[in-house]
Amino acid sequence: MIEERFEQIPRRAYLSQEEFEQDFLLERKPVILTNLFQDQPIQKLANIESVRRQLGEIPLMVSEGIRHYHLAQTNASFEPARSLMLGDYLDFIDQEPETALLCSENALPDEIQMLFTIPKYCQFGDRDDLTTRLFLGNAGNYAHLHFDGDFRQVLFYQVCGSKRIVIIPANAAPKLVPNQHWSMVCLEHLSEAEKDAFIAYAGGVQCILNPGEALFFPAAAWHYVEYLTTGMSIAIRFGRNRYTRFLGEKCHLDSKLQRIASQMIDEQTVQEQYSKEYEVIQQAFYQPAQSVREKVRQMSTAYDHVWKVIAEPVESIYQISIPDQLAQTTLEIQAQRRYGNIIQPIPQFGGWGWASAN
Ligand SMILES: O=C(O)CCC(=O)C(=O)O
Ligand SMILES: [Fe+2]
């Protein structure tokens with residue numbers, strides 16, 4: 001019997017498009033679809049041995065995935081990514097069951113893509129903007145608490161094995177000690193009682209996702225994943241509009257932008273209610289800047305302005321700030337990636353070396 005504490009996300013067998021959009025997607029609430037791919041070939045891969053038999057020759061990239069999200073952009077050392085055949089990876093985890101290496105966010109191979117059809121639920125938003133990803137990992141592995149910075153909606157299908165998944169709403173960010181798109185709270189290191197208490201404090205929900213089930217989790221929601229057994233999942237990411245696409249592709253990520261994006265998932269609402277706010281961000285993006293640092297300042301000022309107008313406030317009990325050095329280093333790297341090509345570096349300042357300024 002599944003414990004009650006893992007029954008916090010409703011399970012639905014048949015959900016009309018309208019119910020899905022009105023009751024879940026637009027409400028930013030998760031739901032588990034229990035027969036998303038009924039009678040489709042992907043359902044036959046419900047145990048790891050059939051995955052090995054049918055897909056053993058597929059090449060994968062394995063890495064430490066989202067395990068060290070909060071360190072990934074600093075100088076932390078972790079095992080480099082490497083290429084392996086799927087069957088060889090399964091042999092490898094038999095020999096090294098504690099390994100941190102897993103296949104995380106690989107582009108979905110055609111051999112798997114052809115085993116199911118994209119569900120009609122994914123017709124929400126820009127249809128040409130859909131993307132699919134593969135996850136395969138060993139029991140005991142995990143994905144650290146984060147949100148996806150692309151701001152797409154996610155249908156997360158469990159092919160085989162089981163996962164514990166925690167979903168926390170975007171607006172809980174002040175309780176999560178956020179740094180860009182990851183939280184400094186390491187659920188992976190908490191006891192079960194501590195995890196439950198923290199999830200309740202943050203207003204989150206949790207479930208155990210089993211083979212054949214698909215979890216819908218809303219764009220910009222925080223999520224944390226534990227691999228309870230060796231397992232494989234597919235993420236179908238969809239549902240952006242021109243606003244959330246711009247925010248997800250052009251703007252530097254932080255939890256204010258996250259909360260702004262989570263209010264902009266419905267194109268019509270943005271047009272009717274938030275067009276001025278969206279323009280503030282767009283104008284900041286196109287405003288001339290002489291350095292990446294200045295661009296970050298312009299954008300952050302715009303986020304602050306817009307966020308105060310449209311985001312739902314949440315009070316946290318603990319005011320914990322992250323170390324300045326970590327915040328600065330990670331922001332610098334991210335901002336360079338996003339804005340590096342739209343500003344003119346000023347040579348006399350030696351590029352845009354703003355990490356040491358102030
Ligand atoms: O299952 C995992 O390892 C992480 C899944 C995830 O973070 C995602 O689909 O965005
Ligand atoms: Fe994710």
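Start by selecting helix 7 (residues 255-262) together with helix 9: the two pack at an angle of about 45°, with axes 9 Å apart. Axes here are lines fitted to C-alpha atoms, for helices over the stretch in contact, and angles run from 0 to 180 degrees between N-to-C directions. Helices (H or I, at least four residues) and strands (E, at least two) are DSSP runs, numbered from the N terminus. What you have open is a predicted model, in which local features need pLDDT of at least 70 and side-chain atom pairs count only at pLDDT 80 or more, while totals for chains, interfaces and linings use all residues. Residues are numbered from 1 along each chain as its sequence is written, and chains are lettered from A and ligands numbered from 1 in the order in which they are written.

Helix 7 and helix 9 are therefore oblique to each other. Angles under 35 degrees count as roughly parallel, over 145 as roughly antiparallel, 65 to 115 as roughly perpendicular and the rest as oblique. Now show side chains: Lys256, Leu257, Arg259 and Ile260 of helix 7 meet Tyr303, Asp304, Val306, Trp307 and Ile310 of helix 9. Contact requires C-beta atoms, placed from the backbone, within 7 Å. This set divides into 6 nonpolar, no polar and 3 charged residues. In this scheme Ala, Val, Leu, Ile, Met, Phe, Trp, Tyr, Cys and Pro count as nonpolar, Asp, Glu, Lys and Arg as charged, and the others, Gly among them, as polar.

On helix 9, pick Val292, Lys295 and Val296; they meet Leu331, Ala335, Gln336 and Tyr339 on helix 10. The residues of this contact are 5 nonpolar, 1 polar and 1 charged.

Next, zoom out and colour by domain: domain 1 is 4-238 and domain 2 is 242-340, with bounds from an automatic or database domain assignment. Their C-alpha centres lie 25 Å apart. Across the boundary, 24 residues of domain 1 are in contact with 26 of domain 2. The domain 1 side comprises 12 nonpolar, 7 polar and 5 charged residues.

Finally, which residues are around ligand 1? Select Ile66, Ser104, Phe135, Ala143, Asp148, Val154, Phe156, His223, Val225, Ser233 and Ala235, each with its C-beta atom, placed from the backbone, within 6 Å of the ligand. Strand 8 (153-160), strand 14 (222-227) and strand 15 (231-238) each supply at least two residues of this shell, which divides into 7 nonpolar, 3 polar and 1 charged.

Conventions: Two residues are in contact if their C-beta atoms, placed from the backbone, lie within 7 Å.
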